[in-house]
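Here is a walk through one protein model, taken a site at a time. Have the viewer open and follow along.

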Amino acid sequence: MGPEERAAQEFDGVLARDARPSGRTQRFTLTAAPTALALLDGRSLDVWAYNGSVPGPTLRVRKGDRVRVEFHNRLPQPTTVHWHGVRLPNAMDGVPGVTQPPVPPGGDFVYEFVPKDAGTFWFHPHVRGSEQVERGLHGVLVVEDEAPLPFDEEVVWVLDDWRLDAQGAVDPAFNTRHDLAHDGRWGRDVTVNGRTNSRLFARPGARLRVRILNAANGRVFRLGLGGLPARLLAVDGAYTSRAVPADGFELAPGNRVDLDVSIPPDAAGRAYAVTDNFVARMPNTLAAVEVTGEPARPAARFAAPRARVPLWANGLSLPIRQTYRLDARAGGPFGIEWTFNGEAFRHDDPAAHEHHPTATLPLGRWSRLRFVNDSYRLHPIHLHGMFFRVIGRDGAFVDEPFLRDTALVHPRETMDIAVVPLDEGRWMMHCHILEHAEAGMMTLLDVVPPGSPSPGMHHP
Ligand code: C2O
Ligand code: CU
């Protein structure tokens with residue numbers, strides 16, 4: 001057996017190849033429409049929302065349940081729904097012109113799939129994402145374990161930021177030159193679940209699961225927990241292989257973390273400030289956790305589940321399947337375009353998709369991809385349809401004890417990832433700074449059974 005076969009074998013059993021249907025079907029209706037909501041500090045804001053709320057509804061199912069979502073587009077633009085992080089049939093992935101035609105205004109589409117993995121996922125449009133997500137279209141999909149963990153309490157925090165214009169409306173200038181030349185659109189008003197000054201009341205001794213999503217277009221959050229005892233339970237939905245402190249974790253756009261928080265039994269009256277300090281000179285307060293009330297019964301004493309995560313210790317000595325250089329140049333519809341290897345994705349030219357896949361990854365085999373950031377900007381790289389592990393940064397081996405679906409490439413950094421894709425199809429890969437993606441930083445990966453030719457593989 002060669003080293004790559006051994007690397008693939010290390011992945012055996014880490015993720016399920018197939019769904020294990022429970023036989024239950026969970027039906028949801030999801031309608032995207034303009035609406036006005038009390039957001040931020042309570043003022044009314046014109047937004048676009050799923051089912052009339054921002055964030056949208058938290059859809060909660062159990063692993064193995066069939067999820068059936070009847071989607072209605074009541075927006076003035078075409079749209080789709082992408083199920084970020086969920087391994088599902090390619091046709092349900094919500095990528096316009098690749099996996100489905102965009103849903104026109106007034107149109108409908110039924111998404112149906114059986115999640116193979118438990119975890120914290122989310123859904124958002126994949127058409128004009130930098131505008132549609134920013135206007136408020138995003139929601140969390142929680143896939144619970146077959147036997148959910150007995151936390152005392154579970155909360156979902158959706159982190160976002162808002163850029164308002166002089167009238168206090170969502171600034172309608174999207175994809176500005178400034179945002180494209182920088183790290184996308186960063187708004188001054190940071191919110192948790194749409195509101196500023198969030199407070200969470202927790203009982204002394206309670207054990208909480210906090211599911212956090214970064215739904216911002218461009219902003220990276222670096223968690224500061226202010227002494228709150230919290231460990232990473234999961235990253236991008238998948239359990240970690242060992243306990244990792246959550247303090248200092250960089251949550252790039254698209255990333256999720258699940259925190260395992262243990263409030264000390266003697267903490268009554270204490271308040272912890274959860275902050276973001278990614279930009280050290282401009283920290284943000286995200287939420288206050290206030291300890292109050294009767295002590296929680298000392299019940300929630302269970303061991304956090306640990307996943308098996310392949311180490312791939314020799315990964316950096318194995319061949320690179322594809323190197324991607326990340327950079328910008330002048331041109332394109334916005335004046336600046338972002339490229340993988342000098343190529344910008346043409347959103348409005350479906351014909352271009354046919355010859356666009358830039359790599360073929362053999363199904364069930366080990367592949368290494370390298371990202372070389374030639375720019376001074378941030379690029380959280382997201383792969384649809386698969387989880388990967390970061391194995392190197394700037395040529396040094398990295399031992400992250402978790403899989404991910406989105407990983408931040410810092411300015412001028414080189415990042416290596418390893419992946420064993422288990423789901424066939426044409427999957428998108430893009431920067432999750434939505435302005436960069438809109439301006440071309442997107443491409444496609446074909447996952448095909450080993451030995452079969454990639455449909456439409458392009459050899460320039
Ligand atoms: Cu959350 Cu293709 O994205
Ligand atoms: Cu980017």
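Let's start inside, at Leu 159, which touches Thr 191, Val 192, Ile 212, Leu 213, Asn 214, Ala 215, Ala 216, Phe 221, Leu 251 and Leu 286 once residues up to four places away in sequence are left out; a contact here means heavy atoms within 4.5 Å. Before going on, a word on ground rules: this is a predicted model, where local features need pLDDT of at least 70 and side-chain atom pairs count only at pLDDT 80 or more, while totals for chains, interfaces and linings use all residues. Residues are numbered from 1 along each chain as its sequence is written, chains are lettered from A and ligands numbered from 1 in the order in which they are written, and side-chain values use heavy atoms, with hydrogens and water left out.

Back to Leu 159, which sits in strand S9 (residues 153-162). Helices (H or I, at least four residues) and strands (E, at least two) are DSSP runs, numbered from the N terminus. Leu 159 is buried, with a relative accessible area of 0%; buried means under 20%, exposed over 50%, and partly exposed in between, using a 1.4 Å probe and protein chains only.

Now for the metal. The copper ion (ligand 2) is held by His 379 (ND1), Cys 431 (SG) and His 436 (ND1), at 2.0 to 2.1 Å. Donors are N, O and S atoms within 2.8 Å of the metal (3.2 Å for Na, K and Ca), and water is not among the atoms, so sites may look incomplete. Along the chain the copper donors follow the spacing H-x51-C-x4-H. His 379 in strand S24 (residues 379-383) and Cys 431 in strand S29 (residues 425-431) are 52 residues apart, a pair that links distant parts of the chain. Both His 379 and Cys 431 are buried.

Next, look at an open sheet of 6 strands, ordered S21-S20-S23-S28-S25-S26 with mixed pairing. Strands S21 (336-340) and S26 (396-397) stand at the edges with a single partner each, so one side of each has no neighbour in the sheet. Two strands pair if DSSP finds at least two bridges between them; S25 (residues 388-393) and S28 (residues 414-419) have 5, in the antiparallel sense. Arg 389, for instance, has Ala 418 in S28 as its bridge partner.

Val 54 and Pro 55 are joined by a cis peptide bond, omega about -10 degrees, and Pro 55 lies in the loop between strand S2 (43-50) and strand S3 (59-62). Asp 236 has a positive phi, near 50 degrees, though it is not glycine. This Asp 236 is in the loop between strand S14 (230-235) and strand S15 (238-245), and is buried at 0% relative accessible area. Arg 128 also has a positive phi, near 45 degrees, but Arg 128 is partly exposed, at 43%.
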